[in-house]
Amino acid sequence: MAEGERQRTIPRIGVDEWVATVEERVERGLAGRAREAWGRVPAGVKLASLVVVPALVPLLTQDDYLLQVAIDTVVFMLLAVGLNVAVGFAGLLDLGYVAFFGFGAYTYAMFASDHTGLHFQAPLVLLIVAVTGTALGFLVGLPSWRLVGDYLAIVTLFFLQIFSTILVNGDRLQLPFLEKEIAKLDGGLTRGPNGISNLDPMNWLGWKLTSLTQYFYLALIAFALALVALHSLNNSRIGRAWRALREEPLAAELMGMPVNWLKLLAFATGSVIAALTGTIFAAEQGAVFPSSVDVTVLITLYAMVILGGAGDLAGVAIGAIVISVALEALRTPSNASWVFYIALALTLPALVRPWRWQLVALLVGATVGFGFAVRAIVEAAWPAGTGGRPLGEASIDDWVSSWVLLQRNATPEVPTALGKTAFVALIVAVLGLTVLKGRRRLVALVPTLYLAACVWENVLVPQSAVTRYIILGALLVGMMAARPQGLLGKTRVEIV
Amino acid sequence: MDWERFFSLTVDGATRGSVYALIALGFSMVYGILKLLNFAHGDVFMVGGFIGWGVIGALGGATSPVVPAWAVIVLMVVAAMVGCSLLGVTLERFAYRPLRQAPRIAPLISALGASFFLQNSVLLLFGADFKQYETIDLAGGALYLQGIDWGAFHISLVRIVVIAVAIAMMVALSGLVYRTQLGKAMRATAYDREAAAMMGIDVDRVIMAAFFVGSALAGAAGVLVGLFTGSVNHFMGFNFGLKAFTAAVVGGIGSIPGAMLGGLVIGFAEAYAAYIDPSLRWRDLLVFSLLVLVMIFRPSGLLGRPEIQKV
Amino acid sequence: MTPVLELRGVTKSFGGLRVLDHVDLTVAEGEIVSLIGPNGAGKTTVFNVITGVYRPDEGDILLDGRSIVGLPPHQITRLGVARTFQTLRLFLNMTVKENVMAAAYGHTKAGLWRSILRTPGQRREEREIERLAEEKLAFFGQRLVGYRFDQPAYSLSYANRRRLEIARAMAAKPRILLLDEPAAGMNPVETQEITQLIGKLRQEAGYTILVIEHDMHVVEGISDRVVALDHGVKIAEGSFEEVATDPRVIEAYLGVQAEAARK
């Protein structure tokens, strides 16, 4: 029924009627206006500000923790723009990408650490990584000649699995011609699950990088170079051919574009960026572990690319910043509490369309009132369901604990029965919300928001490490359903 | 040749293989109809294992269940099938249906996200430790102590149960697909979705049915794995899912007999890998390499048909 | 003189079904040849074997006397064959101009490093590609120029999409253009226009053209020669009048009743 109605009101894509009204379908609401403004900023300004603004961080703070977060963020930005080459530019689902990050990191560990006794200088290691990374990128890209879509995705995922198996079991690995050398190493080639530590600081022709600030600027310079290179590439005939390949592979081939070569080029370009990033990261950390090559990192990167808008360089970099900072904030319960309320303050106005501040105020007021009412009822009926202490920051503690339901005497490690039930109920409520339309959705939003706040304080904050990944998963599904082009991307049209 | 070892590996291969086949069937049915690789399918299977664990706990645990041992197993399997089929249908409705008209990469990313979401939700709700089925205690250890013995050769009861349940499911599925109206609609939709829709087949319903049936089989598989390995954990969906997908591809994705055959091939390959690599550390690598080779050199699988590109 | 395109005994089967059966076909320099036949006669398959989408089971395909069988499609395009598609295959989310610029890939050179470093040569080439695209789009009058340059292709109407596909094929600098039902789905006025346009393509731009068309008015208006296919077999060849009155062609289109009706 609902399907039929929608088809009657919106003319079918590509039909003349639809073409004629294309200008009228501009987005309304606050989010739409923000996107419009963003679209008017010239690409050069966007990209420059992505380098200049982060460059100010070490001038503002010398706090080790904050600098470390800044470095991690820039590393994620590099990885995300690299992944964007295959996924965004060329439309190829590369699930083996993270392996290259690990490859670069472990290569640095092999050539510049006490583990092997080799202490190569940084430029030499980077050169080795670039060359071998390209070769490996071509190799992993090869299946793309025969496989598309799902098959390609799964083969590249197997590559990631194979690589991670090698790292974990590498302490027993033997290589032809190197048996004697490997036998001498403590803990075999890769030292297995223990990883390799005590890597050299990067040695640039005698100048050793030791401080976090130095590594931050090194990563930022690498990011700036990658950004400029990818931007130029995207606006060249190769970038055009990648887009053509993404849109219509067969037509691209028949219009003279060597599709197979272009696919390899996309894989290899991204792979090199990931491998070099891995090298920088390994040197900064001073250690490498097989856990840096797992599906979790991969999903995180995909969430960054999708959130920002696959194919849009600046968008992807911003997606990386947002997710990297959010993940860091969620690492400890004391910060985690804030994330929910900040995210809510940012997304709630965007959810209300057409934009009216009165409506938002009404929604917030209703949710707060609803919360107090529910809490009062529960307190009377089941006192154990209220009065627990939230783990969040003290400043909002009192306020929150007098509003949400929090089971008393809970241990933070074990989710409470209340929390578990509310979590499942929240999933059902959110799914239900997607089915409702118009005013009903707004009304249903009130209890859902309150439920979300309860779930947040009961389970998600105490278990913030797991929460991060639940959110990433939900983000991928939600973005694909609601805005596959990303928060900042332009609407794309698909005719199947 | 050590026949005793060979026989026990063969039994192990058949057990694992029949579980892979059950999961592979769900992959294959969904792929046949939607051309979608449902990454979250492995996690549906994992949820099945957890439902089984919940049921055995609710029935008083394996040591002293309130109902007879056979009823425990039946209830676990049934509950997991019901729960997982609902989960599968929900997934389809909310994660995949909105993307019917989207480019192929979109549902894949959605599936990846759904898989990650399910896995971590289970981790959040139940914790990271292995959930023990304690099947060793069921009916005084009968599942492991009893069985069929021919001299040195021994098949334990639990493996007989697993293989028998899997075979029964597959027979039932074949009946559904080849003998009922719904099965006919499924095959028609898999062959050509648009034409099927024009012939008056409710394609959305058929897709939902495929998710329903496929997820039910995966749920049953989750319980079976819990029975013969003794425990389940939130991470098992990933590995079993990948292997089962491998099985579906090796057999020829979209083909139901292919999924069964592929499951057994992978099961035996994994079991006999012990001959090449007794440490079992590289076993997964062997299986995955096998898959990469099949995909590149015979993407249509053992029993699949090659596709003709339409212009 | 060697013909621009020559098919010699080209045969192609799918499974047990023979879609093309020893088809011979030549197109001479500057000629416009129409390929007609009922649905399923194998017309589009002819285009697909020429452009390398399918490899013929038997027979040879010569472009300027050189065999192109077995070459990958993009190389065949580089050698001088460009086509349009019956079911439009535009790069929908790229702009109108980009669609055309993309097709210049085969005859431009700037590689990865020159593109990253934006060398003067690369920038000159980019400007040339852009000029080429604007020139090809201007071929269609005011329809695809000006503000339309930067609109996404999906915003175009159906007829304009067909025009854009032709412009894109032109940008590949072909020796021979293969047009697959250029007038399909167009109204009578647009059909009239496309007929004139195909003539203009030869006169002003000098293309050799092989066209599949169902609309007999278009076929009559443009063709130097007409080739009729049925069930993968060439059943008639000659001027429009000769082919249109050929009893085998009439039979193919109308069935055996035509035979009976004449008696």
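This is a predicted model: local features need pLDDT of at least 70, side-chain atom pairs count only at pLDDT 80 or more; totals for chains, interfaces and linings use all residues.
## Chains B and C

The table sets out chain totals. Helices (H or I, at least four residues) and strands (E, at least two) are DSSP runs, numbered from the N terminus. A residue is buried if 20 or more other C-beta atoms lie within 10 Å of its own, exposed if 12 or fewer, and partly exposed in between, with C-beta atoms placed from the backbone.

| Property | Chain B | Chain C |
|---|---|---|
| Helices and strands | twelve helices, four strands | eleven helices, ten strands |
| Buried residues | 52% of 311 residues | 46% of 263 residues |
| C-alpha extent along the principal axes | roughly 60 × 45 × 40 Å | about 75 × 40 × 35 Å |

For chain B, a compact globule of 311 residues would have a radius of gyration near 19 Å, and the chain has 19 Å, which agrees; the radius is taken over C-alpha atoms, and the globule rule is 2.2 Å times the number of residues to the power 0.38. For chain C, with 263 residues, the rule gives a value near 18 Å and the chain has 19 Å, which agrees. In chain C, residues 24 or more positions apart account for 65% of the contacts with a separation of 6 or more.

## The side of chain B that touches chain A

Contacts link 36 residues of chain B with 42 residues of chain A. Helix H3 (69-96), helix H4 (105-126) and helix H12 (283-297) of chain B each supply at least two residues of the touching side of chain B, and the largest share, 15 residues, comes from H4(B). By class, this side of chain B has 28 nonpolar, five polar and three charged residues, where Ala, Val, Leu, Ile, Met, Phe, Trp, Tyr, Cys and Pro count as nonpolar, Asp, Glu, Lys and Arg as charged, and the others, Gly among them, as polar.

## A sheet and a helix in chain C

Four strands of chain C form an open antiparallel sheet in the order E2-E1-E4-E5, two strands being paired if DSSP finds at least two bridges between them. Strand E2 (17-27) and strand E5 (66-67) of chain C are the edge strands, each pairing on one side only. Strand E1 (residues 5-14) of chain C is joined to E2(C) by seven bridges, the two running antiparallel, and Val10(C) has Val23(C) in E2(C) as its bridge partner.

Helix H6 (residues 158-171) of chain C has 14 residues, which at 1.5 Å a residue should span 20 Å, and its end C-alpha atoms are 20 Å apart, which agrees; the expected span is 1.5 Å times one less than the number of residues. Twelve of the 14 residues of H6(C) are buried, including Leu164(C), Ile166(C) and Met170(C). The cover over the buried residues of H6(C) includes strand E6 (81-83), helix H3 (96-102), helix H5 (120-138) and strand E7 (176-180) of chain C. Just after H6(C), Lys173(C) takes a positive phi of about 50°.

Definitions and conventions
Residues are numbered from 1 along each chain as its sequence is written. Chains are lettered from A and ligands numbered from 1 in the order in which they are written. Two residues are in contact if their C-beta atoms, placed from the backbone, lie within 7 Å.
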